[in-house]
Structures are given as C-alpha cells and as structure tokens.
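I opened this model to look at the ligand site and the strands beside it. My entries follow.

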Amino acid sequence: MAKPKPAISIIGAGRLGTALAIALTSKAYPIRAVAARRAAHARKAIALANLPSQTLALGADQLEQLPPSDLVLITTPDDVIADVARSFAKLRRSARHRGAFLHTSGALSSEVLAPLAQRGFHTGSLHPLVSISDPRAGAEALHGAFYCVEGDGVATRFAKSIVRDLNGTAFTIKPESKALYHAAAVMASPHLVAMFDLAVQMLVSCGLKPKEAQKVLTPLVQSTVNNLKQTSPEKALTGTFARGDVATVRRHLKALAPKQLAEALEIYKLLGLYSLKLAADRGLDPKLVTEIKTALKKT
Ligand SMILES: NC(=O)c1ccc[n+]([C@@H]2O[C@H](COP(=O)([O-])OP(=O)(O)OC[C@H]3O[C@@H](n4cnc5c(N)ncnc54)[C@H](OP(=O)(O)O)[C@@H]3O)[C@@H](O)[C@H]2O)c1
C-alpha cells in the first residue's frame with residue numbers, strides 16, 4: 001500500500017496557495033486547512049480546489065485554530081511571511097504542532113522562519129520557478145516545473161517529495177544568493193511582461209488596437225522562447241543587433257524620438273547595448289559593434 005501523504009495546511013489563499021491546493025490534492029495530499037487574510041478568500045480557494053467540506057477556512061486572526069499538520073505551506077506575500085512566522089511561533093497552541101514549515105518566496109531564505117525554528121519546527125523554502133496568474137492554469141504549470149529548495153534536512157525532504165510527486169525538478173541556491181536568484185527570475189518573467197506591454201504600446205502608436213497588438217506579438221515571443229529551449233542566448237538572438245544593421249538601429253532611434261516614447265527609447269538603448277555584447281560574442285564584425293554602440297550612446 002502507498003505511504004499516506006503528509007497532511008498539509010496552507011496559509012495564503014492567493015494565486016500560488018490555491019494552485020498548490022489544486023495540484024497537491026490531485027496527488028492525494030490531505031489539505032486540512034486554508035488560511036487567508038480574509039476567511040472568505042480561504043473559503044473561495046477551498047471551493048476552487050474542490051477540497052472536502054471538512055477543510056477549515058481561516059482568517060489571519062484565526063491561526064490559533066490551525067489543525068495539527070505535518071507540513072504548513074506559507075504562501076502569503078513575501079513581506080508578510082516574517083509576521084506569520086512570528087505570530088504562529090507566539091501562539092500557545094503552536095507547542096502542540098510538530099512538523100515543518102515551508103514558505104514559497106523566491107527572494108527570501110528559510111532564515112525568515114527563524115522564530116518557528118526556535119520553537120522546534122523544521123523550516124525551509126520551496127519556490128516554483130513558474131509564473132502563476134490563474135490558480136487553475138497555475139496548478140497545471142506546477143506539474144513538471146523547476147523548484148528552488150533550501151532549508152533544514154527534514155524540511156527539504158518534505159519539499160523534495162512534493163517536487164517529485166508533481167514530476168518537477170528540485171535545485172538549490174545558497175540562502176545568501178536568494179535575492180539575486182529572484183532578481184534573475186524577475187528579469188525572465190515579470191520584466192518580460194513589462195517589455196511586452198511596452199511593445200504593445202508602441203504598436204498602438206502605429207495604429208493597432210491593444211488586443212490586436214497583443215495577438216500579433218504573441219507568436220513572436222513564442223518563437224523566441226522556442227529558440228531559447230533549443231539553443232544558447234547568443235545563438236537565439238536574431239534581428240537587427242545580431243546582424244549588425246547599423247542603418248536600421250538609426251531608424252529605430254529616430255522613430256523612438258517622440259517625447260511620449262521616452263521610456264521605450266531608454267529601455268531600447270540599454271537592452272540594445274546588451275544585445276550588442278551577445279552579438280559580439282557570436283562574432284559580429286567589431287567595426288559594426290563600434291558603430292552601433294556610438295549610435296546608441298549619443299542618442
Ligand atoms: N504567483 C506567482 O507566480 C508565484 C510564483 C512563485 C512564488 N510565488 C510566491 O508565493 C507567495 C504568494 O504569492 P501570490 O502571487 O500567490 O500572492 P497573492 O495572490 O497576492 O496571495 C497572497 C495570499 O496571502 C494572503 N495573506 C496576506 N496576508 C496574510 C496573513 N497575514 N495571514 C494569512 N494570509 C495572508 C492573502 O489573503 P487575502 O486573499 O485575504 O488578501 C492572499 O490569499 C509569495 O511569496 C510569492 O513570492 C508566487
């Protein structure tokens with residue numbers, strides 16, 4: 001007979017907390033309770049994840065009622081994790097709890113759970129390297145994802161068995177490097193979205209409707225991501241900078257000159273200089289590199 005899965009409580013019923021509830025319940029993890037700032041949001045997450053009716057829905061001021069669980073997942077915003085850890089560690093009832101706590105922040109290490117470690121809990125972090133905006137689609141994305149795991153031995157064992165059950169892959173980052181690790185994740189995902197929006201606004205300035213602009217740009221992003229799945233960034237880089245089209249760069253800079261495109265111009269220049277480095281590493285003629293660099297720097 002398969003070993004029963006650890007009983008879990010989830011504090012934080014937003015995008016990731018709900019996605020984890022859906023993904024873990026599909027792998028037979030019993031979810032004992034879900035807590036949110038507002039209990040109504042915990043109830044909504046329980047309904048969305050189709051959890052059994054006996055699952056407790058709690059508000060932030062009801063953590064005292066958290067049922068004993070083998071593992072508690074803290075999926076609140078980063079800035080709240082320390083408060084949750086401190087408040088839970090202070091509760092008289094926390095003495096009755098055993099087991100482990102894992103938070104899901106990419107930027108913080110398990111250090112932020114120190115008050116819980118001092119009360120004898122095992123502590124760690126489990127950060128899925130995926131972007132979750134909708135809980136249901138997010139639950140799908142959690143299957144097969146990469147997860148950054150760190151913490152003490154027992155906590156990392158809990159984290160790694162979750163990763164295994166979700167057919168994911170675990171890797172580790174030194175606790176002191178987590179902020180840099182997370183900044184890298186921000187570059188690859190939210191900043192990509194910000195840049196995409198900038199491209200949409202530029203196409204709107206060309207006369208397209210925002211929805212139309214998003215539709216025509218999405219396959220371009222998709223094909224770029226496909227290239228990145230196959231090859232290195234230097235080889236995946238295509239277009240003006242990869243080819244060293246100096247006159248085209250000058251045309252772009254002129255097109256971006258109007259005041260309302262000032263932000264786009266600054267970002268274009270900064271990223272242009274970085275793309276130029278990639279192109280140079282791939283063997284772009286140094287004369288073209290210098291010409292483009294000069295054009296970017298003097299605009
Ligand atoms: N979303 C992602 O793509 C993603 C990916 C990887 C890691 N993460 C990490 O996962 C964590 C959660 O992110 P998210 O995007 O899921 O955030 P979110 O959608 O904003 O959800 C946060 C949840 O925390 C609850 N909450 C806030 N303060 C609380 C408190 N004091 N006690 C109990 N619950 C509280 C909120 O309650 P209310 O609903 O009542 O406001 C909400 O349900 C963060 O550490 C984030 O870095 C997120």
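Pocket rule first: on a 1 Å grid over the protein atoms alone, a cavity is a set of points where a 1.4 Å probe fits but cannot get out, and a pocket is an open set with protein on both sides within 12 Å along at least five of seven lines; lining residues have an atom within 4 Å of a point. A molecule sits in one if more than half of its atoms lie within 2 Å of its grid points. I looked up the ligand on that basis: its space is the second largest pocket.

Ground rules. The model is predicted, so I note that local features need pLDDT of at least 70, side-chain atom pairs count only at pLDDT 80 or more, and totals for chains, interfaces and linings use all residues. Residues are numbered from 1 along each chain as its sequence is written, and side-chain values use heavy atoms, with hydrogens and water left out.

**Ligand shell.** Which residues come nearest to the ligand? I find Leu16, Arg38, His41, Asp78 and Ile132, out of 23 around it. (Near means that a heavy atom of the residue lies within 4 Å.) The elements α1 (15–25), α3 (78–90) and β6 each give at least two residues to the shell. Helices (H or I, at least four residues) and strands (E, at least two) are DSSP runs, numbered from the N terminus.

**Ligand oxygens.** A side-chain N or O atom of histidine 41 is 2.6 Å from a ligand oxygen. A polar side-chain atom of aspartate 78 is also 2.6 Å from a ligand oxygen. Alanine 13 uses a backbone N or O atom, at 2.9 Å from a ligand oxygen. The ligand alone exposes 910 Å², and the protein buries 83% of that. These areas are Shrake-Rupley values with a 1.4 Å probe.

**Strands.** I then followed the sheet from β5 (residues 100–103). Two strands pair if DSSP finds at least two bridges between them. Strand β4 (residues 71–74) runs parallel to β5 over 4 bridges, and leucine 73 is bridged to leucine 102. On to β6 (residues 122–128): β5 joins it by 4 bridges, again parallel. Alanine 100 partners histidine 122, and histidine 103 stands opposite serine 125. Serine 125 also has glutamate 150 in β7 as a bridge partner. β6 and β7 (residues 146–151) pair antiparallel over 5 bridges.

**Burial.** Where do the β5 side chains point? Ala100 and Leu102 go one way, Phe101 and His103 the other, and all are buried. Buried means under 20% relative accessible area, exposed over 50%, partly exposed in between (1.4 Å probe, protein chains only). In a regular strand the side chains alternate between the two faces of the sheet. In β6, 6 of 7 residues are buried.

Note on methods:
A polar contact is a pair of N or O atoms within 3.5 Å; within protein, one must be able to donate a hydrogen and the other to accept it, and residues adjacent in sequence count only if both atoms are side-chain atoms.
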